[in-house]
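Hello,

Here is the structure I promised to pass on. My notes on it follow below the entry.

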Amino acid sequence: MVERKHVIPGDVITRGNHRYGSFIEKRGDDYIALRVGLAEVSHDGVKLNPLTGPYLPRTDDQVIGKVVDINGFGWVVDINSCFDGFLPASFVFGREFSPATHDLSSKFKVGDVIGARIESYDRSRDPQLSIRGEGYGKVPEGEIIKISPTKVPRLIGRRGSMINLISERTGCDIRVGQNGVIVVVGPPDGIVKTVNVIRMIDKEVHGADLMGKVEAYLGGVSGGS
Amino acid sequence: MSMKKNYVVEIIRKAQMVELLAKGKRLDERTPDQHRPITIQTGVIQKANGSAIVTLGNTEVIAGVKIATGTPFPDTPDKGLLVVNAEILPLASPYAEPGPPSEDAIELARVVDRGIRESEMVDLKKLCIVEGKTVYTVFVDVNIMNVDGNLFDATSYAVVSALRTSKMKKYAVENDKVVMKDQEIPVPVERTPVSVTLARIGDTLVVDPNSEEEGAMDMRITITTDDDGNVCASQKGEASTISPEHVLEAADTAIKVGNEIRAQIVEATK
Amino acid sequence: MEAKRKLIGDDGRRLDGRKWDELRPISLEVGLLKNADGSAYIHWGKNKIMAAVYGPKEVHPKHQVLPDRALLRSRYHMAPFSVDERKNPAPSRREIEISKVIREALIPAVVVEDYPRTAIEVWVEVLQSDGGSRVAGITAASLALADAGINMRDLVVGCSCGIVDSQVVADLDDAEDKEGSGDMPVAIMPNLNQVTLLQVDGIYTRADFQKAFELAIAKGMEVYAMQREALAKKFFTGEAAGPTEEEEVVE
């Protein structure tokens, strides 16, 4: 049996002896919510799904970022989080990298958009990024839009149902970073539709019939425009 | 308040902006000479003599007018004082910091002030109570609440709307003394200046740039016109050039768009 | 010297008609500002105050960074048109002190240890002021922090009580604050039952001190109910009570 309830910071979710996840504090026997969100108590433990909050980097997350600075040792990347990410030059140029021989801006300039992975993150320094792997690196074209990271699961939908529906109906390729940054590539009218429907999803309050609203907005025609 | 110029617009988005503009469209579907929706609410701060909250798209500003009496400047003994001040509040943008006004905030205040003053919107002689001794002092303070581009126009519309709906106490001279009467009178407003700001992105002039467009623009020009289609103030901004053709095109656009916005301001402040 | 006017009538009513323990009308709205990570607007009596939060974010200048927790910055600022006589926009000593006590009232509620090496900025802007603006500002700021999704142990809520015409009253307005004989702003974390702001001026008997203090807390709890409603209005109004078919709860 699963018990669900809306909580705000300071609310007691439940009492007893349970496993518990992020955004929850244990005080004595009480499990206290630390965020505005939807709490769930089941045999799996106590969980809190936050309805608002920043993107907190986790190792292996796929993110989309913007290069905002270059220093001697790599690129500083805005990943829409509490911290800027850092892409070490040695990860890109290899171990022979040296600031004297390699010009970093020849690879990525300030203002470039890149797809990257969180290589490592601990509390003592900024998250390190890596672009090793298929599909990472510079994003050559597209429109960028940001949503609250807490809305990313809704945008993707169960097994991708929502994102696939939007993609089909608008004819756009949509790449969603776990940090809430999204790249949309496609025909201009398709991009405008996609951006507007994503903004609608971002604003929608939890629990509303989202699929229905999105279907209504996008209409019955598939393939864009 | 200071603004760090840290807003980096993604290169691919700027390229897309320029590509769309070549087809006469902007990212938010406006045409180059279209401004964003404007809303005007007046009388929002009861402790002020007049006030207005203006939204221009997502840019939001609040202006408040405080009127008192004081001594005139020695070189203008028959004129009242009018001071326009603007602050970009730290709550308006992640790039705004608390502290004394930056050069951006000061330029904003002075450009808006110039538009009001040079148009002679308020006849300062009508603010004189006793020549050389007592005049009205009118302070208009604008606080920027949310930055999404074109603070110049939003601030100007807020100042104009607040002044048009401001009331001040009536003063009379009785037995050689200045006496405050119980009556309230409107601030003497003669005309309605309207500021219109254009940005150049690529080769195209666009009216009312939002934050992203400002991040991609090379040059900005603000032109204030009055009810008779006269240009009364202008300011070119950003470290770039503007061609003479564009200056004249901007003036024509400012007159045309200005007239339309003037009608809206007058309607909202009746 | 002219006699001070009576602030409480023979019928026990104050100048604005309230009884000794009544709050002024209060309304709260969350999330009005588009750029801020979190925001809340409070209309409390004639006070009109906007609070906004940015962060957690990188700390500038870097040397101020705290290695094991977030740095909470706050500023209480009054607009020049917010009071009867125009106020110079530069921060006054009063605003600087209030900025400090507001910061110290909010920090205990924020789990700053969860955000090392970051800054959390809290901006309280008073657009119109009429007594009790600091507690109203704290009440709005705590909602703005919750709206921003920053981990908090509890909300923070405040109320000011004081002495007027020798009587303890709740929620002093500007006239009562200026002409009365005591003012006591109090802020608490309502679930933890801990005081995070306490300032007292005036002369209170021991009995009156307790009465005013306990009244401030009781009234604060009434305002807390309004904070809950404001958050529910933004985040919880929807047809279903739980996740719908199309999504999974992601850890």
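Chain C first. Its secondary structure amounts to 4 helices and 10 strands. Please keep in mind throughout that this is a predicted model. Read from the N terminus, the elements of chain C come in the order β-β-β-β-α-β-α-β-β-α-β-β-β-α.

As for dimensions, the C-alpha trace of chain C spans about 70 × 45 × 35 Å along its principal axes. Burial in chain C comes to 50% of its 251 residues. On contacts, I looked at pairs in chain C with a separation of 6 or more: 70% of these are between residues 24 or more positions apart.

Now chain A. This chain has 5 helices and 15 strands. Taken along the principal axes, the box filled by the C-alpha atoms of chain A is roughly 60 × 50 × 25 Å. Chain A has 225 residues, of which 44% count as buried. What share of the contacts in chain A between residues at least 6 apart in sequence joins residues at least 24 apart? For chain A that share is 56%.

To put the burial figures side by side: 50% for chain C and 44% for chain A. The corresponding contact figures are 70% for chain C and 56% for chain A.

Regards

Definitions and conventions. Residues numbered from 1 in each chain as written. Chains lettered and ligands numbered in written order. Predicted model: local features only at pLDDT ≥ 70, side-chain atom pairs only at ≥ 80, totals over all residues. Helix = DSSP H or I, 4+ residues; strand = E, 2+ residues; numbered from the N terminus. Buried ≥ 20, exposed ≤ 12 C-beta atoms within 10 Å, placed from the backbone. Contact = placed C-beta atoms within 7 Å.
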